[in-house]
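Have the viewer ready as you read.

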Amino acid sequence: MDVEQLHIVLQQSFSPDANLRVPAEETVRNLKHVKGSTTLLLQVAAEAQVQFEVRQAASIQLKNICRECWAERLNFAGVPLTADGKKAPLLDEEDKARIRPGLVAALLAEAEKSLRDLLAETLHTIVIHDFPQSWPDLIPTLLTTIQQGANDPAQALRVHNALLALRKVCKRYEYKSKDQRGPLNEIVNQAFPLLLPLAQRLSAPEEHALEAAMMLKQILKIFWSSTQFYLPGSDGNGPSPALANPQSMQPWLDILQRALVKPLPEASTGLEPKNQPTTVDERNAWPWWKVKKWAVQIMSRLFSRYGIPSYAEDDAKEFAKYFSQNVATQFLGPVCETLNLRPSGQFCTDRVVHLCLTYVDLAVELSSTYKLLKPHLDFLLYQVCFPTMCLTQEDVEVFENDPHEFVHRQNSPLADFYDPRMSAITLVTDLVKHRGQDVTQNLLGRMTEILQRYNASPPENRNHVEKDGALLTFGSLSKFLLAKDKYAKELEGLLVTSVFPDFNSPVAFLRYRACWMVQQFSTVSWSDDGSNLRNLLQLNLQRLSDPALPVQIEASKSLRYLIEADGADQTLLPVLPQLLTEYFRIMNEIGNDEVVSALQVLLDKFGDHIEPHAHQLVTQLSNAFNQYCTAGEDDDDDDAAMAAAQCLECIATVLKGICDQPSIMKNLEPLLIPLILKIMGNDGEYIEYLECALDILTFLTYFPDTISPELWQAFPLIYVAFDQWAYDYLNMMVPCLQSYIAKAPDFFLQGQAQLPEGNIPYIDLIVSMVAKTVTNDKASESECRYALSLFMSLLHNCGGKIDMYLTIINEISLGKLGQQVNADIPLTRISIYQILGSALYYNPQLELVELEKRGVTQQVFGKWMKDVETMDRWLPRKLTILGMSSILSLPVSSLPPSLQSSIPQLIDGVVRMCISLKEDENKTGGDGGDDDVTGSGGGLPADIGDVDQGFGEDEDVTNEVDESYRKALQGVTSWDDDMARFLLGGDWDEDREDVDEDFTSPLTDNSIDELLFLSDILTTAFQREPEAYQQIQTAMSPEAAANCQKIFQAAAALRAQAAQQSTQQS
């Protein structure tokens, strides 16, 4: 294929004629298999004379091929990613060598933004794999372009595009730990001396060209990528020059300040910079507003990291001191001037307002900046924050004309990162929290005045938006007001006089706000006989059928909170069927995860009463899931996708409520199995729902006595998911796999999965899952233990039927034991001992053969007996007793020599463990510990404090929890380490969890009593080989022999007790 042929193929891929389009699309899809195709695509993309759509198609295809074929792509487990079971072809070095310089040349010359962005993304993909080792001339090429064109307006496009490329390189290292930022430090050392004077010229007051703004924006983005986590070092490992000499950063800080204070007049004035757009969307995208956004974003990030010296890292203390004393105060003026644009009737983008409010919020915590803010608190609160919190005319129009969009905006998880209303709320609440003595009384008084003025005004003169803002303010402060008696006792009156009437207001958004207020103050103490609560519940129930969808949504969410109030169930239970109908009607209208979550709370609360509704509930939830799932996939609707997951969680809640009715659960299978198969059988397309699907599958396999053939369809899908796209879901797969094995071991042993490699026995799939997990370096020890527990399921449920698998079970288990033999935490070793104990119980003779042929019998038993002291859980102790006792069922002469000489010690250890285990089981448990870990001391919660006090103006805001968090965060060397996982919400020590706490099998129920088993084994052994065991008894200590007698006596007592109970029952 040559470039002309490729051009024709790309053109035909747009043809309305399917006879031309379909083969052309197929040819384009296969370009990754054609040598040299990337060079041809780049030629087409770079040719300015070619039709734009063709150039764009070439750029997209080039980006996709480079992303897929530049280097082998691996999944989380280190396994190559495949498409349709085939690995993507890799580009050869000859193609790569042509693409790298050609791509840079094309990018530098590209004037079309969409094509430029595609080429830049392609460059970023290549940088990830090739820079710096295979692309050493990239940075010199970019810097030379910048240097040569910095003062030549004719070269502005090439300079801008070189800066864009440089940003893509810096972004490669933006989130790297300090010791992985060497290349970025070198780039900074080479580039910043060149970029600084250019940025100074571009930010000069007399510079107004649009090209200047575009270049300055890219320089600020480079600065952001280079500094947002660490100030760049002087070399690969050295400290940042700014840390040793803080003033060296001042020229950059001056650039940021000049960028923020630059006036941006309306186009109608004719002043420079000219031609500011007039529509909001165009203004948001205008480069000069983008420059302001990046300037205040960088300064806010620097403030958050270095604004309070006590929080800074040790090597940054000096810079933090300089920043807090000089820079933070210096930048506060321009920030406040920017916030004054809207109150003075001028335009400012939402993003810039949001970031400026974020900066002021940080300034509240630092005493030097708070002193400057304090005289202007009224301006901040009532001219900036309160108007920002109030609904705009656009908000009201969206509420009335596009309610779905209104709901989406109100529930967007990204709102905290861009919505000025959210940053205004945060600033107000932080002022109350940290500087309450200067703020709280005045703020509450002003908001109360608004409510009183509204109530006193005739309906036609009422300011509904202002009242909504006041209620939003009160609701945002709810946790502070509820925590202090002085305010808490006034809240009931506030709700009755200013919120209850709004449930029936003709203004829809006030009805919406009333429902929202209920959520914020659901824990208020009612002083009357309960009539206010009943009234509130009735008002809320009426709003479920409100004509305005946002009101319905908020009303359905409110019940989630009201349901916990004393006496609420008396009002709600009689109307439960109607409630469920309303919830499903709302869910059919819109996908909102909080609505479904509220339904889940309702189902959980009335779990004992949902049995008659179970079929209808699951039918409705299944339909809702399919509806939301389709919307989430087709329309890229994140709200619907989250609601779909919540529907599955609701189904699990229903199943939880009927788990003691397996017949009902069986009747639900026809509804649920298609959902499970859909989620698990589409190559990971629905991976976001996999956890919920596995929960449902666990219910369906665990509680009924049998597993239907239809449900067995999911078994091989679990393996395929694990093997190809859901490796890290293993822990959630294990419970249902264990149920499959336990409920139908014969069917399991006969079953086969039809896979591309042939018909594979189900048991081989289990062994493969364990082997792939245990031998994977990236698997956590917790995952290894979950995987190994599957071997226990095999050994416990398939007695006498898996002899040929003992070899592989031992190979995998003992191999892992060898890796863990010296580990400080013995949990994985204990899991392996459970398997060895199970294998000995399964067939002691075969298991000892496996140990002997590897020559590890003595070492394994020696370490096992030492680790017995660390076993505090019931299951490993029981399996140790059963396994080691089983050895005694063999003739002494058939035992390995190392064990023959150790039988006295083995009997002594097992007997002592059995006695200890029985003593623990017989304990009454005492007080069992106190589950109340929240504490019951007096005072206010630590994160609330006294809202009438706070910190004085001469004090920096400090918080022990925040300080501990930040100090811990500073110790993170990589975002992959354990501390980072914990700080971001992961488990502090996942290796201490009880993997087997819910494990069940024939060996874990009461049908096999370890004391009786040991007693019988010993009795039989003495009878079988009296001479040998007489010698063994002689070799035992008197204490050990006495313990054996205790076992015999206890066993006799147990049997007598069982016989007596049997007689009484008969």
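Contact here means heavy atoms within 4.5 Å.

## About the model

This is a predicted model, where local features need pLDDT of at least 70, side-chain atom pairs count only at pLDDT 80 or more, and totals for chains, interfaces and linings use all residues. Residues are numbered from 1 along each chain as its sequence is written, and side-chain values use heavy atoms, with hydrogens and water left out.

## The nonpolar core

Leaving aside neighbours within four places in sequence, Leu166 touches Ile139, Leu142, Leu143, Ile146, Ile187, Ala191, Leu195 and Ile222. Leu166 and Met733 have the most contacts inside the largest nonpolar core, which has 355 residues. Such a core is a set of buried Ala, Val, Leu, Ile, Met, Phe, Trp, Tyr and Cys residues joined through side-chain atoms within 4.5 Å; buried means under 20% relative accessible area (1.4 Å probe, protein chains only). Helix H34 (residues 638-657) gives the most to this core, with twelve residues. Helices are DSSP runs (H or I, at least four residues), numbered from the N terminus.

## A covered helix

Ten of the 13 residues of helix H18 (residues 377-389) are buried, among them Leu377, Phe379 and Met389. The cover over these buried residues includes H16, helix H17 (367-373) and helix H22 (420-434).

## H14 against H16

H16 (residues 350-365) also packs with helix H14 (residues 287-306), at an angle of about 20° and with axes 9 Å apart; axes are lines fitted to C-alpha atoms over the stretch in contact, and angles run from 0 to 180 degrees between N-to-C directions. That makes H14 roughly parallel to H16 (angles under 35 degrees).

Notes:
Helix = DSSP H or I, 4+ residues; strand = E, 2+ residues; numbered from the N terminus. Parallel < 35°, antiparallel > 145°, perpendicular 65-115°, else oblique. Buried < 20%, exposed > 50% of the residue type's maximum accessible area, 1.4 Å probe, protein only.
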